[in-house]
Amino acid sequence: MTTIAGSLMRSLGAVAQSMVQATPMALRGVSQGLAARAMPSSATWTPQVTSVRHRYHADKLKRGPLMKNYGYEDKLHTKGLMPHMVHGKRLPIPIYRPKNSWSEKRALFGQNDYIDILGDGSLKPTDVAYSVPYWLRGFKGNEYQMLLRKRKFFHNKMGQYQPTKLTELNKRIHKLYVHLNQKTKDYYWHKA
Amino acid sequence: MLDSSVPLILDEKFVNARNVVAAREAWVETLDTNTSDVGMITLHPDVFSVCPRMDIIHENVVWQRKYKMVSKAHTKTKPEVRGGGRKPWPQKGTGRARHSSIRSPLWVGGGVTHGPRAFTTQFYMLPLVTRIHGLTSTLSAKFAQDDLKIVESLQMASDEPGYIEKLCENREWGPSVLFVDDTDLMPRNITIATDTIQHMNLMPVYGLNVYSMLKHSTLVLTVGAVRRLEERILYHLNRPDLTKANATPFKKQN
């Protein structure tokens with residue numbers, strides 16, 4: 001036993017000795033005192049020490065901010081003027097298209113309005129008001145008067161091609177007659 | 001085109017002008033870039049040197065906008081809205097408010113009681129005298145502010161739009177120009193030139209109006225148009241039945 005142990009120790013010591021002799025600086029973290037102590041007793045085993053440097057802060061930054069309150073929508077604005085945000089997008093508004101002030105209709109607006117003064121007197125402004133439907137030229141009245149006029153102009157054609165519409169027109173006229181003559185008063189300062 | 005060596009002086013001794021207000025004088029130009037002024041013309045004071053009444057001009061503009069207006073805004077009343085014939089729930093027992101139809105004006109989607117109805121017109125006629133004074137006020141204001149130019153005739157050398165644009169720019173005739181002639185058949189060249197330019201328009205004398213005169217910066221009248229305008233306005237101002245014509249209510253059609 002002692003011979004084996006002795007031979008083992010001897011071999012180990014020889015290895016240690018050779019290691020120390022070969023690379024005296026390779027043993028990192030081992031103090032000189034320890035190395036010196038190892039040399040005389042060449043039978044002891046010195047562990048290989050490697051030091052590891054931890055970069056805790058750098059790794060933390062690499063991981064990023066810690067996710068807290070997952071799924072919580074932080075409503076920052078709760079008072080005052082609120083932005084119109086739906087799913088984070090602004091509400092759609094129509095594209096601004098400025099109207100053409102000098103289109104033919106707008107550039108010549110009002111032409112022939114003084115034709116009875118500046119013409120020869122045979123034509124009146126209502127005779128040349130082509131933008132107004134012909135049954136409304138020179139007319140002003142309330143709904144009842146307007147419907148009466150419409151019936152006067154169109155009852156023939158409506159009776160032929162739009163009988164339901166004519167019926168509805170008659171019903172509305174009758175209803176307005178009853179309302180204006182039996183349900184409301186005619187004040188001198190306010191006409192129906 | 002007249003002989004340019006003899007100056008054109010259209011000096012008219014107005015018979016029906018009051019001597020208190022002096023007759024105005026204006027240059028007569030041509031639509032020719034080479035010549036500047038051809039002559040001089042006297043303008044009747046009762047048409048072109050009236051103290052402009054801003055309220056009358058405003059009345060005229062409002063009338064021009066309103067009298068042809070037709071509002072087609074329309075809302076349905078309770079019986080016209082689709083549905084609503086059945087009583088939604090019994091009168092008593094449910095604990096809810098009592099209702100007879102889902103289209104009553106109290107309900108969302110129900111009929112509108114006093115809303116706009118179909119064709120609403122704002123037709124009315126201004127008195128004749130107010131309209132005449134509107135014309136004279138506007139013409140006087142335009143003349144006083146150097147926005148009234150008198151031109152011998154609307155004959156032009158070229159039918160290019162660039163020609164008339166450059167002419168107006170050189171003479172500092174405002175961005176928008178209204179050319180007024182005696183007849184409604186205008187010369188060929190100016191018709192083609194101003195066809196594509198939207199802010200330069202042609203008009204006969206009978207089409208002249210307060211709104212157009214205010215919309216266009218510069219008003220260019222021919223000599224014939226000036227004389228026709230004066231004749232027409234003075235006829236109406238001096239006719240013996242003016243008060244009767246002014247007071248007669250405007251007869252509606254049919």
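Tutor: Quick ground rules before we start. This is a predicted model, where local features need pLDDT of at least 70, side-chain atom pairs count only at pLDDT 80 or more, and totals for chains, interfaces and linings use all residues. Residues are numbered from 1 along each chain as its sequence is written, chains are lettered from A and ligands numbered from 1 in the order in which they are written, and side-chain values use heavy atoms, with hydrogens and water left out.

Student: What is the mean pLDDT of chain A?
Tutor: pLDDT is the predictor's confidence in each residue, from 0 to 100. In chain A, 75% of the residues reach 70 or more. The mean for chain A is 82.

Student: Which element of chain A has the lowest mean pLDDT?
Tutor: Elements here are DSSP runs numbered from the N terminus: helices are H or I with at least four residues, strands are E with at least two. At the top end for chain A sits helix α6 (residues 143-161), with a mean of 97. The lowest mean, 52, belongs to helix α1 (residues 2-22) of chain A.

Student: And what does chain B average in pLDDT?
Tutor: For the model as a whole, the scores are ipTM 0.88 and pTM 0.76. In chain B, 94% of the residues score at least 70. The chain B average is 92.

Student: Why is chain B called more spread out than a compact globule?
Tutor: Chain B has eight helices and nine strands. The globule rule (2.2 Å times the number of residues to the power 0.38) is compared with a radius of gyration taken over C-alpha atoms. For 254 residues the rule gives 18 Å, and chain B is well over that, so it counts as more spread out, with a radius of gyration of 28 Å.

Student: How many Å separate the centres of the two domains of chain B?
Tutor: The bounds come from an automatic or database domain assignment, which gives domain 1 as 21-67 + 124-237 and domain 2 as 70-121. The C-alpha trace of chain B spans about 105 × 50 × 30 Å along its principal axes. Taken over C-alpha atoms, the centres of domain 1 and domain 2 are separated by 54 Å.

Student: Which backbone oxygen does the side chain of B:T121 reach?
Tutor: B:T121 is in strand β5 (residues 120-121) of chain B and counts as buried at 5% relative accessibility. Among the residues B:T121 touches are A:L136, A:K140 and B:M69. At 2.8 Å, its side chain reaches the backbone oxygen of A:F139.

Student: Is B:E172 buried or exposed?
Tutor: B:E172 sits in the loop between α4 (161-170) and β7 (177-181) of chain B. Its phi is positive, near 55°, in a residue other than glycine. At 70% relative accessibility, B:E172 counts as exposed.

Student: What is phi of B:D146 near?
Tutor: B:D146 is in the loop between α3 (128-144) and β6 (148-151) of chain B. At 56% relative accessibility, B:D146 counts as exposed. Its phi is positive in a residue other than glycine, near 60°.

Student: How many buried residues does helix α3 of chain A have?
Tutor: Helix α3 covers residues 56-63 of chain A, and A:G64, with a positive phi near 95°, follows it. This helix is hardly covered: among its eight residues, the buried count is zero.

Note on methods: Buried < 20%, exposed > 50% of the residue type's maximum accessible area, 1.4 Å probe, protein only. Polar contact = N/O pair within 3.5 Å; in protein donor to acceptor, adjacent residues only side chain to side chain. Contact = heavy atoms within 4.5 Å. Lists of a residue's contacts leave out its neighbours within four places in sequence.
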